[in-house]
Amino acid sequence: MLYTLSVAEPGSHYINVTCRIDEVTGDTLELQLPAWRPGRYELQHFAKNIRSFAVFDQDDQPLTYRKVTKDRWQVQTKGATSVQVRYDYFGLVAGDHKLDAGSSYADSSHFWYINPVNLCLYAEGRLHEACTLALDIPDGWQIACGLPQQNTKTLIASDYYALVDSPLIASGTLQAVRYTVQDVAVTVWVQGWNYLMPPAFDPAQITADFTRFTEAQIKLFGDFPEADYHFLTLVLPVPYYHGVEHRNSTVLVLGPELEGLAADGETIEGAGLYTDLLGVASHELFHAWNICRIRPAELTPYDFTRENYFTTCFVAEGITTYYGDLMLRRSSVFDDAAYLKELLVILKRHFEQAGRASLSLTESSWDLWLDGYVRGVPDRKVSVYHKGAIASLILDLHLRRKFDHERSLDDVMRLLWQRFGATENGQPVRGYTYADYRAIVAEVADEPLDWYFDTCITGNVPIDELLNDYLSFIGLRMGYDDAGLVVLEWIGRAQERMEWERWFA
């Protein structure tokens, strides 16, 4: 399939899309646009942004089609051997016109930012065919993307899954910071809204810090899934914080001195633009293993037409949230104070907002497809990110305390990687189930740990006291001030301080 993108009406935000499908056979051709995107488990109905849909044969004669679902079209081919589909896609999030790490934007006088999953439809039965993406961009622009380039304006993908897992930024003002870790070529691409590298981003500091946490993550798993990796960073003029993982890349959308709402609708404290960059970058890099390769069975392969319900997002996102900050401290990018500040944010966001919620982690994972990214009604659901991270912390400290740091959550993740990280044509060969995860935890722990899963994962009882039991092992205690807000304090002596240091070794 060949996709061509252009912008015919500057300032309109409409992206003109042409999709050419050759070697057509049969009387009908089914065309499908994704209803959601990996990394955000909710229906987003991208078809609502399409206008002026039309289909033509190889002689540019119109073909009859009808819409059979909200985002699926059936074409009467009338003997055509090649089909061209033409439509316009509105390239900003409908309603609030807000860019995030999963949307698309195109302005030939500024830059293009494209998530192909938003706007590239596919022909049923042809998901595994090679794809070409041609961009009608100005001469001299660079393209930042995980896909290989055929030329300065054309990208090639091994199949549709690779295409829609490869966002891009194209611009004449892209800036790049490059480094290499264990033969893995990594590029931090930065597109500033005012064309400049933000003052908070020092290329030498980015190189040093990103190298350190990348090395720490590769050391945990033993190897890296890809030959190269790309951090695609958009810096907006307004406060923002969002990231989305992809096969060998991630999109990071940030704004200055964040104070306000995160992309999932939660309030978070300002941390400084560079600290925000480090936090979201470490989190998204960990996803290169955990979800992009180590994937739940229910998401293997992705079905873009409907909800893909699963109960293990506490593994995909909770463990990743836990390790994102932990890797920054383990690699000494964060010091103790910086790490404790991030840990306190996670604790506050769970215990102050959802500490008495009625749904468990598994139930909240399932209901991501219902209301997982908005606050929802009071005391209903927990965050798979925040409670998931706290549950991961408890499990890690349990294993470390029981085995004197000789075993930890690292061992669980390595076994998941060894047993479920294999891919074929870029896709996981076999996804893990909830039962698989429990079995690996039991193997590492030398016990079933039923109490842990019943309390922290499938249960909905408060976990304050349980958490403090494990925090005391490393010399910490969580409490509440007079206003009922979460606080962290040191209670440790020399022994607990030693355990704290061994936690990060």
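## Helix packing and backbone features of a predicted model

Ala 123 is buried, with a relative accessible area of 0%. The model described here is a predicted one. Ala 123 belongs to strand β10, which comprises residues 122-123. Its contacts, apart from neighbours within four places in sequence, are with Met 1, Ile 21, Leu 29, Glu 30 and Leu 31.

**Helix α12**

Helix α12 spans residues 450-457, and its buried residues are Tyr 452, Phe 453, Cys 456 and Ile 457. Viewed down the axis of α12, these buried residues fall within an arc of 95°, so they line one face of the helix. The cover over the buried residues of α12 includes α5 (313-330), α7 (361-366), α9 (386-402), α11 (434-445) and α13 (464-471).

**Two helix pairs**

Two packed helices are described by the angle between their axes and the distance between the axes. Two pairs are set out below.

| Helix pair | Angle between axes | Distance between axes |
|---|---|---|
| α4 (273-286) and α5 | roughly 125° | within 8 Å |
| α3 (203-221) and α10 | about 70° | 8 Å |

The axes of α4 and α5 cross at roughly 125°, which means that α4 is oblique to α5. The crossing in which α4 passes α5 is right-handed. On the α4 side, the contact is made by Leu 278, Gly 279, Ser 282, His 283 and Phe 286. On the α5 side, the contributing residues are Glu 317, Ile 319, Thr 320, Thr 321, Tyr 323, Gly 324, Met 327 and Leu 328. By residue class, the contact of α4 with α5 consists of six nonpolar, six polar and one charged. Helix α5 is also among the elements that cover the buried residues of α12.

The second pair consists of α3 and α10, which pack at an angle of about 70°; α3 is therefore roughly perpendicular to α10. Here α3 contributes Lys 219, Leu 220 and Phe 221, while α10 contributes Asp 410, Met 413, Arg 414 and Trp 417. The residues of this contact of α3 with α10 comprise four nonpolar, no polar and three charged.

**Backbone geometry in the loops**

Most residues other than glycine have a negative phi, and most peptide bonds are trans.

A cis peptide bond joins Thr 300 to Pro 301, with omega at about -5°. Pro 301 is located in the loop between α4 and α5.

Glu 23 is not a glycine, but its phi is positive, near 55°. The residue is placed in the loop between β2 (14-21) and β3 (28-32). Glu 23 is exposed, with a relative accessible area of 68%.

His 405, likewise not a glycine, has a positive phi of about 70°. His 405 sits in the loop between α9 and α10 (409-420). With a relative accessible area of 13%, His 405 is buried, because residues under 20% count as buried.

Note on methods. Residues numbered from 1 in each chain as written. Predicted model: local features only at pLDDT ≥ 70, side-chain atom pairs only at ≥ 80, totals over all residues. Heavy atoms only, no water. Buried < 20%, exposed > 50% of the residue type's maximum accessible area, 1.4 Å probe, protein only. Helix = DSSP H or I, 4+ residues; strand = E, 2+ residues; numbered from the N terminus. Arc of directions from axis to C-beta. Contact = heavy atoms within 4.5 Å. Axes fitted to C-alpha atoms, helices over the stretch in contact; angles between N-to-C directions. Parallel < 35°, antiparallel > 145°, perpendicular 65-115°, else oblique. Left-handed = near helix turned anticlockwise from the far one by under 90°. Nonpolar A, V, L, I, M, F, W, Y, C, P; charged D, E, K, R; others polar.
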